[in-house]
Amino acid sequence: MRGVGVVYPSAQGPVNALTGVDLAVADGEFVALLGPTGCGKSTLLRLVSDLLRPTSGQIEVRGQPAAAARRANEFGFVFQEPALLPWRSALENVRLPLEVVDYPASDRQARCESLLEMVGLTRFRGHYPHELSGGMKQRVAIVRALAWNPSILLMDEPFSALDELTKAQLQDDLLDLWASEKKTVLFVTHNISEAVYLADRVVVMSAHPGRIARTVTIDLPRPRTADLRETLPFLALVREAREALRGEPATLTTLTTPTTPTTRAS
Amino acid sequence: MSTQALLVTPAAPIESMLQRFGPPIVILAVVLAVWEFLVWLFDVPPWLLPAPSQVAVRFTRTPTLWYHTGLTILEAFSGFAVSALLGVSLSALIVHSRFMERGVFPYIVVSNSIPIIAVVPLLTIWFGFGLAPKVMIASIITFFPIVTNTTRGLKAADPRILDFMHSINATRSEIFFKVQLPAALPFIFAGFKIAASLSLVGAVVGEFYGSDRGLGYLVITSATQLRTDLLFVSIIVLAALGVGLFTLFGKLERLVIRGEVDTERPT
């Protein structure tokens, strides 16, 4: 998958949401897009998945234009909120994409059940979203995005609305899923240690205009476990990513508390 | 709300029914008794204010009542059905086409501001004294709440779920039937509930003008002949129909809508 040079001046006046972004992601790679609010990292996901067309530059996904990749159902999208259908049970929510993409009807039920089992929700398959906790709902949303075996998983701050414990649990679950399913993952986050913990490579972005500031390669061994978070190499990489984030003079004031850069409106 | 529910559930069914319906029934009985007593005390003439007992007698001694009621129901229901079918379809068009939204919505708003009473004579000129003009009035009067609520509902779908559907290349009809329409159901039912009572109003108003049958006809003739007891009977039947329809749609809604919405709704 290669995303090449994307410039995006938005419709409401000449706002440069993204400028001159060059990014190449390898098959099966886990890339975190890290940056403050308004740096265009979510826009980047929408560009890759053809929900938004770039005003300049091109995007290529597995050798074809993004639009063709979307038609080929290459993308599984996970949002900050689970965005489940409230009138469908957990299992029926997972089944939704299988009803849309070409998936043999006879295999749907079994596929959904095995997916829910992977995230430990077999007991809750008949529950409606309002009967599930935030973490459970996000698990359903994640396996919904994996249901038809897309090659690329696009995740837009999927864990930022969860409490610390659930977040850590889901991060480990995601790494397990990624290890077994061999997906390419584009993971948007504003949480530095989350990016370092999960990714092979952290792409640090900066705002006004949105652009890639720096790329930090995370050469920590896998499989990664919670202990890793206390090791020196991990902390060194977190510091490096933080400095890359701070490297933007315009946002020095807001980045004095770098773990919560949400204070700035986009 | 939830604590109240907890208090009610452990009680026996009959007991909880008593708790719920007991107080309003007591109040009704007191009001009727006072009414009856005052009419007797001041010897109010029946054409001015009949006693509840007189109204009850009239109710049992009006064999044609059910014929008139049935006709009004038929008109109201037909008008409602036409309106529901056209209204929901039009809403679907409005949601899918900018042109339709901009081109049609102003006229829907204008149609709502035309006083329906003023249109009745016109429809009578065109379509005579039969069922048709009444059905049309019922459908015109119910059109606005159905279209506005349905349109709002169809637009209420979670934008991220729409993004998700687009990202897996879902077709418009898949998005409509799997996401937008189910998301709109609570709104559609809200519109239907308003429309159900309005459809009765439409049918009765239609019967006021140039008609020889129906509850509206009964209201007008009993009023002009000062048969006030019959007027009361007609009004009570109409009120009962309105309540009945509202309850019916509430029940239907709970049957149709799954998941969060119906559990959130207090009973």
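# A tour of chains A and B

Select strand 9 (residues 201-206) and strand 10 of chain A: the two pair in the antiparallel sense over 6 bridges. To check one bridge, pick A:Arg201 and look across to A:Thr217 in strand 10 of chain A, its bridge partner. Keep in mind throughout that this is a predicted model.

**The sheet of chain A**

Now widen the selection to the sheet around this pair. Chain A has an open sheet of 6 strands, in the order 6-7-8-3-9-10, and its pairing is mixed. Which strands stand at the edges? They are strand 6 (75-78) and strand 10 (211-217) of chain A; each has a single partner strand, so one side of each is left without a neighbour in the sheet. Turn the view to look along the strands: on average, neighbours in this sheet are turned by 20 degrees against each other, direction ignored.

**The hairpin of chain A**

Move to strand 4 (residues 56-61) and strand 5 (residues 64-65) of chain A, which run antiparallel and are joined by 2 bridges. Select A:Val61, and opposite this residue, in strand 5 of chain A, is A:Gln64. How many residues lie between the two strands of this hairpin? There are 2 residues between strand 4 and strand 5 of chain A, and A:Arg62 in the turn has a positive phi of about 45 degrees.

**Chain A as a whole**

The chain holds 8 helices and 10 strands. Colour chain A by burial, and buried residues make up 47% of its 266 residues. Among contacts in chain A with a separation of 6 or more, 71% are between residues 24 or more positions apart.

**Chain B**

Followed along the sequence, chain B reads α-α-α-α-α-α-α-α-α-α-α-α. Of its 267 residues, 32% count as buried. Residues 24 or more positions apart account for 75% of the contacts in chain B with a separation of 6 or more.

Zoom out to see the outline. Along the principal axes, the C-alpha atoms of chain B fill a box of roughly 75 × 60 × 25 Å. The radius of gyration of chain B is 23 Å, while a compact globule of 267 residues would have one near 18 Å.

Colour the domains separately. The domain assignment of chain B gives domain 1 (2-43) and domain 2 (54-264). Taken over C-alpha atoms, the centres of domain 1 and domain 2 of chain B are separated by 31 Å.

**Where the chains meet**

Bring chain A back and select the contact, which takes 20 residues from chain B and 22 residues from chain A. On the side of chain B that touches chain A, helix 8 (159-167), helix 9 (172-208) and helix 12 (260-264) of chain B each supply at least two residues. Which helix gives the largest share of that side? Helix 8 of chain B does, with 7 residues. Colour this side of chain B by residue class to finish: its residues divide into 9 nonpolar, 4 polar and 7 charged.

Definitions and conventions: Residues numbered from 1 in each chain as written. Chains lettered and ligands numbered in written order. Predicted model: local features only at pLDDT ≥ 70, side-chain atom pairs only at ≥ 80, totals over all residues. Contact = placed C-beta atoms within 7 Å. Helix = DSSP H or I, 4+ residues; strand = E, 2+ residues; numbered from the N terminus. Nonpolar A, V, L, I, M, F, W, Y, C, P; charged D, E, K, R; others polar. Rg over C-alpha atoms; globule rule 2.2 N^0.38 Å. Buried ≥ 20, exposed ≤ 12 C-beta atoms within 10 Å, placed from the backbone. Domains from an automatic or database assignment. Pairing = 2+ DSSP bridges. Axes fitted to C-alpha atoms, helices over the stretch in contact; angles between N-to-C directions.
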